[in-house]
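Please look over the sequence and the structure first.

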Amino acid sequence: MEDLRKAAETNIKEYGFPVAIDEKSGALQWVDMRELHLKYIISIENIQEFFEGLRDGKLLATKCKKCGELFFPPQKDCPTCMDSDMEWFELKKEGVLETLTVIFVRPPSFSAYEPYTVAIAKLDDGVRITAWLRGDPQKVRPGQRVKIEIAKRKEGYLMYEIVPVEG
Amino acid sequence: MAVAIIGAGQTKFGTRKDVNMPELAWEAIKQAMQTANVEQKDIDFMVVGNAGMWSSEAAVPALMYEYGKFENVGSMRVEAACATGNAAIRVGYTAIESGEADVVLILGVEKMQESPNPTVIELIGRFGSYFWEFENLGLTFPGYYAIHATAYMAKYGATEEDFAKVAVKNHHYGAKNPYAQFQREIKLEQALNAPYVAWPFKLFDCSPITDGSAAVILASEEKVKEWGIEEKIWIHSQGVGTGTANLSRRESFTSLKSASYAAEVAYKKAGIDIDAPYKYIDGADVHDCFTAAEVIAYEDLRFAKRGEGVQLVREEQTYIGGRIPVNVDGGLKAKGHPIGATGVSQAVEAWKQLLSKAENGRQVDVKNGRYLAHNVGGTGHYSYVTIYGLEKPR
């Protein structure tokens, strides 16, 4: 892409347009001069306790006061009761590993990381959680006990991780 | 009101730097209109399946209205991740079934290579629950399916080699399909020795980033009669299912609930025995965006019992001559996976197979006169199972 852009910049001067030839096909391409940077602003207003919980070392789910259903990731509304009367519930942070993968080809926005392991665990409280798995993915197997730990990411903010329990 | 496909067209899939969006779309539209022998004035509704984001044009229906001179036509764009093409068919099918339209043009088009690969990887990783999966965890699209693949391996003892065999089969047929992105066979070792993308998937377990378009013309039973159309296939039934955005909200990782639900709905409506559907159909296109996805599809579609899909692979039961031929067009794996075009291309394949127009070496025996298409958006976020047939549905 960088090569194409450079060629297009040169070609503006020589050819009169931001064009470049695609190496593989030999077809002439117009190299878009407009760039779009996407960054979303996402509301966490109704689940802010979850983040406060992480700061206190707690993993929180929401629980419907009426029917008792647990929601993780936490959500504001109970679709069964058509009610929004929720309370915060502290999960025990222990469970069983269900499945995992190691991401080798990373999105550019994760290029600062080495290949990372994403796993799903079922917590003893009944909900499942998707998170990075700490440690060697070759040493774990589905069915084994794991715990959830809260740790700081490279970027400096808190996030929960799945950690194998020894033995 | 029964609905028929009276025309079908598809471009070569792959790197299409030689054409822009409307030119690429027109290639397929032109073939579809010519095989159906219809003109612009005959079409009263146009549905465009286009996921977009990676390509420059967002208003594709209007762009095609302009480029193809479609006068007095209603139009819309449809998106259902990788099932976008079948979602477009769904809209046209129900529009005719309900009597709202007589003749509908369905276009599926995608120009993924207008963006560099890293951007596409970035965008496609968002086909799930953005905040809880991508923003903080960087799950990629191969990663989502890999989570299922490893669960399947752990539960049923499937191996990376089993998955690689799916790729070998699909490349075998892709080599016989002039419209396929990869028209070459691969060896098992080649697939096994390729670098990892998301464990257990290596390069050859993954469908590619593709440009391409496909189009079909749908017509009501009335129009088929009025025009005396002989060359046609019918939509016998369609099932649609939805899954949770978050994979962590799923009960199982060894099946896609939305797909098995969609299959059940489609089989019931078509009067197909849900316990042995392969006895009623001549072949199937299943959504093999990744090799393990094809194995799981065998089970969701009940071609095999739970845990026995991998057995079909080992015994080569999904080659022509086996229990049921699957992806004899190369599948998403070798034919390519231009998101919005994929589902429509499956309909084009059903058309070719049922009318015995498939190329040498990849034509199935048409005995039952029925073909199945299984198109999944995201990781079972949206599932479509469509059954096409030669005979008018009862």
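Predicted model: local features only at pLDDT ≥ 70, side-chain atom pairs only at ≥ 80, totals over all residues.

**Extent of the interface**
- The contact involves 42 residues of chain A and 34 residues of chain B.
- About 3200 Å² is buried between chain A and chain B, and 66% of this lies on carbon and sulfur atoms.
- Of the area that chain A buries against chain B, 17% comes from A:Pro73, A:Val105 and A:Arg128, more than from any other three residues.

**Salt bridge**
- One salt bridge is found across the interface of chain A and chain B.
- A salt bridge joins the side chains of A:Arg128 and B:Glu251, at 3.8 Å from N to O.

**The side of chain A that touches chain B**
- Two or more residues each come from helix H2 (48-55) and from strands S6 (94-103), S7 (116-123), S8 (128-133) and S10 (158-164) of chain A.
- The most come from S6(A), which gives six residues.
- By class, this side has 30 nonpolar, seven polar and five charged residues.

**The second largest pocket**
- Its volume is about 340 Å³.
- The pocket is lined by 17 residues, and B:His236, B:Arg370, B:Lys392, B:Pro393 and B:Arg394 are the closest to its centre.
- In chain B, helix H3 (84-97), strand S8 (233-242) and helix H10 (257-270) each supply at least two lining residues.
- The lining consists of eight nonpolar, three polar and six charged residues.

How values were computed:
Residues numbered from 1 in each chain as written. Chains lettered and ligands numbered in written order. Heavy atoms only, no water. 1 Å grid on protein atoms, 1.4 Å probe; cavity = no way out; pocket = protein on both sides within 12 Å on 5 of 7 lines; lining within 4 Å. Points joined across faces, edges and corners; volume = space filled by probe spheres on them. Helix = DSSP H or I, 4+ residues; strand = E, 2+ residues; numbered from the N terminus. Nonpolar A, V, L, I, M, F, W, Y, C, P; charged D, E, K, R; others polar. Contact = heavy atoms within 4.5 Å. Buried area = accessible area lost by both parts, 1.4 Å probe. Salt bridge = Lys/Arg side-chain N within 4 Å of Asp/Glu carboxyl O.
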